[in-house]
Amino acid sequence: MFSLDINSVRSILQNTLPSFQASNTEEMNLGFGQLYYGFTRAIRPRRALVIGSKKGFSVICVALGMRDNEGYGISHLECYKTSLASKEKPILDFVDPSYSVDRGDANHMHGIGFWDEEKTVRDWWARFDVEDHVVHYKDTSQIYLERLSEGIQFDLIIVDGDHSPEGIRFDFEAFLPKLSDRGIAFAHDVHPEVRHGGWTAYEQLDVQVYEKLRLPIYPGLALIRRRNSTIAGVTIDKR
Ligand SMILES: C[S@@+](CC[C@H](N)C(=O)[O-])C[C@H]1O[C@@H](n2cnc3c(N)ncnc32)[C@H](O)[C@@H]1O
């Protein structure tokens, strides 16, 4: 399946308030959203985690990729074909306490309180046909972590929640070790000119443990993965 037709791209851009996502609504350009969708199609995540989103831009781009994948994992690779490990539904955990700049919530990070009402949130996912894939946790990432079962791993993570230096460092330290062997994390707002704390936290990542790459586009989007990860369990036909 392929969802990114002109109508869905227009609807995402016009409705989800992508803030500093290198997008352009007039040009129908999803910017970083294209990466969120594209990486989801390539990695075929079983479980993804998005921390923080104003009105769902990143969540919907990943969830549409999950829906289009029609399953998850890679079991076998050939020159012109990639086989799924499972036809079961992949799931995205979306963590956002619904802080609001207008309410003056501490640490609002320019949130708009959009995730206040459970029904509005459910209807929002349904509007984009991704309601089977997204589970919203109206919590901070700290509380979400406390309730997360041991041993859970994520194939895709987007860190875009609490942008304070402590907040980003917490999300890195708590969730990057939970990347699966084939997992990739995106971290938003890690350009040195962004005043929050992303750049410092990004620079402090231990390069013995993580490989990282920062796209030189304001406000900075980094790709991070655990070093020494493997592709165990995948058969490959190299003919
Ligand atoms: C406004 S978003 C960033 C905008 C994003 N670049 C976009 O385009 O959607 C930041 C979000 O982080 C959330 N947030 C703040 N602190 C958080 C925390 N500790 N854990 C999870 N989310 C948090 C806020 O509620 C807000 O919705």
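This is a predicted model: local features need pLDDT of at least 70, side-chain atom pairs count only at pLDDT 80 or more; totals for chains, interfaces and linings use all residues.
## A cis peptide bond

The bond joining Tyr218 to Pro219 adopts the cis form, and its omega is near 5°. Pro219 belongs to the loop that connects β8 (210-215) with β9 (221-226).

## Loop residues with positive phi

Ser98 is not a glycine, yet its phi is positive, near 65°. The residue is located in the loop between β4 (91-95) and α4 (118-127). With a relative accessible area of 1%, Ser98 falls under the 20% cut-off and is therefore classed as buried.

Asp189, likewise not a glycine, has a positive phi of about 70°. This residue sits in the loop that runs between β7 (179-188) and α7 (198-203). The relative accessible area of Asp189 is 10%, so this residue also counts as buried under the 20% limit.

## Helix α4 and its surroundings

Val121, Trp124 and Trp125 are buried residues of α4. Viewed down the helix axis, the buried residues of α4 fall within an arc of 95°, and therefore they line one face of the helix.

The packing partners of these buried residues comprise two helices, α1 (6-15) and α3 (57-69), together with the strands β4 and β5 (134-137). After α4 comes Asp129, which has a positive phi near 60°.

Conventions
Residues are numbered from 1 along each chain as its sequence is written. Side-chain values use heavy atoms; hydrogens and water are left out. Helices (H or I, at least four residues) and strands (E, at least two) are DSSP runs, numbered from the N terminus. Buried means under 20% relative accessible area, exposed over 50%, partly exposed in between (1.4 Å probe, protein chains only). The arc is that of the directions from the helix axis to the C-beta atoms. Contact means heavy atoms within 4.5 Å.
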